[in-house]
Amino acid sequence: MKISTIASSTLFAVGALAESEPAEFRPLEAQLDKSSFFEQFDKESKLGDTWKISHAVKNEEFTYVGEWAIEEPAVYPGFKKDRGLVVKSEAAHHAISARLPQVFDNTDNTLVLQYEVKLQQGLNCGGAYVKLLSAEGLNKNEFSNETPYQVMFGPDKCGTTNKVHLIIKRKNPVTGEYEEHQLATPPMGRIVKTTSLYTLIIKPNNDFEIRINGEVAKAGNLLNEKLIKPPFGAPKEIDDPEDQKPEDWVDEDMIPDPDAVKPEDWDESEPLRIVDPEAVKPENWNEDAELYIPDPEATKPEDWDDEEDGEWVAPVIPNPECADIGCGPWKAPYISNPNYKGKWSPPLIENPDYKGPWSPKKIANPNYFEDKKPANLEPIGGLGFELWTMNADILFDNIYLGHSIKEAEFIGNETFVPKLELEEAESAKNSPKPDFEPETPPETGLDSTGNIFTDVFDTIFQTVLEYYVSANAFLNDVVQEPSVLLERPGEAVYYLVTFFSGFTFLVAVWSGLIFALTGAGKKPETSAKTPAKSTQKIEEVTEDETEKTDSSSAAKNSTKATKRT
């Protein structure tokens, strides 16, 4: 591999042992492949020099009036003097782009796109995605939504819609038109105020990965027609648009029996329900009593004025005499009519003229072509953010475009990982504090035992949390695309089995606790032995369930991309 030295950066803490000294950002020399592009916005002068703000007109209606800045974050700052590219306007269209130092070509090579997003005000409605711009015709007009691009990647949220876009534009060699191909069930973006790291990997064999904070959120193959809609390429045959269904075509498989005759005893006039002829009024039923009577205990208010308020009338209450007996006019109840048959209709029989469902005949597709290498994108000449957002202060940083997964992981380890640690510490420091400090519990002499129980509880809690996150992600995929159940049946069975097993286990534990506390069903002479047996069973089941959940969680998180070195 050819290596060139470029000005990159690393992060380190100045006076790390002194808590009063803030951690600082300092650039240093790093070695990346000469075809790699890496942007850390370490100089404010890059706004205007490298990154060009666009004020083009969008769709002949809107103008890109959104402002941009290169500045430090204001919410949960990480390293001092660590700047990023920031969206500064609310409810506005924004556009900014940078031309690559050299054209990027990933033909028969891996493409890796990685960048950080920090949603300082959250994201109610708007995008935070980046575009890889086509080299051809890049400078013909100001950057806008009409500028040709090859890939669009990144988070987008509005209302209940929350997804990470992966859109690839491909040219139909027959028609010359470009078509967008995108993920059918994209993963969800992280809507938090700390920094998130988004990574896209496209390999020469058409495999792709989307990583969020270094963990694989979506993976597959671009040629999988269930993952990418519409699929790449065009079918060999299509329906004949001029073919029409014949007038005498019969596509009804069942018809009323033409030989059926309504039975002579079929009475359509019988009602569905009739008065019960065998009902008898109860002997203690009082038809003369009223269901409601004036409240005998009610009195006219002292300030009631008959001339102004009208004649005072006592409120009514249910008649207490009717509490145990029936009152008022008695009516027999209704019952189902045993003679009811309803409207008669002839039974259905198989249609002897049935020809089956009609479909137009197939003809050769005049626009047919194969696209077996969608991973081979057209040459890329630049990057751009073309966004509409209701929220300002979206910060982008550490943008990488290259061929090396290792370089992207190295950059993530050197920039994102330590930055996120500082941001999360700042977030915890600024979180709401309780109104009172809890009292320190008295010494019990069981510190070691208490620590053991705490460790066990933390392990179980972390395992359950990881299971919930992965199960929730799978459920979201199923809701958006039910066919996921057919594509990933193993996961469906795993989540169902573990859910019902866990539920059964919790019910058993709860029942055991109630049984132990109430002492129900115990004999005095065996009361000391029963809890010991019950406890032994609970511990055995807990250990078994924890082992199963831990092993499945480890399998799901086996592909870690970014880890601290």
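Are C322 and C327 buried or exposed? Both C322 and C327 are buried, where buried stands for under 20% relative accessible area, exposed for over 50% and partly exposed for what lies in between (1.4 Å probe, protein chains only). The structure is a predicted model, in which local features need pLDDT of at least 70 and side-chain atom pairs count only at pLDDT 80 or more, while totals for chains, interfaces and linings use all residues. Residues are numbered from 1 along each chain as its sequence is written, and side-chain values use heavy atoms, with hydrogens and water left out.

**Disulfides**

- C125 is buried because its relative accessible area is 14%, whereas C158, at 39% relative accessibility, counts as partly exposed.
- The other disulfide joins C322 to C327, with an S to S distance of 1.8 Å, and its S-S torsion of about -105 degrees makes it left-handed.

**Backbone geometry**

- Most residues other than glycine have a negative phi, and most peptide bonds are trans.
- The peptide bond from K229 to P230 is cis, with omega near -15 degrees, and P230 is placed in the loop between β19 (228–229) and β20 (237–239); strands here are DSSP runs (E, at least two residues) and helices are runs of H or I (at least four), numbered from the N terminus.
- Y76, although not a glycine, has a positive phi of about 45 degrees; Y76 is found in the loop between β7 (68–71) and β8 (84–87) and is partly exposed at 23% relative accessibility.
- A91, likewise not a glycine, has a positive phi of about 50 degrees; A91 lies in the loop between β8 and β9 (92–104) and is partly exposed, with a relative accessible area of 44%.

How values were computed:
Disulfide = S-S within 2.5 Å.
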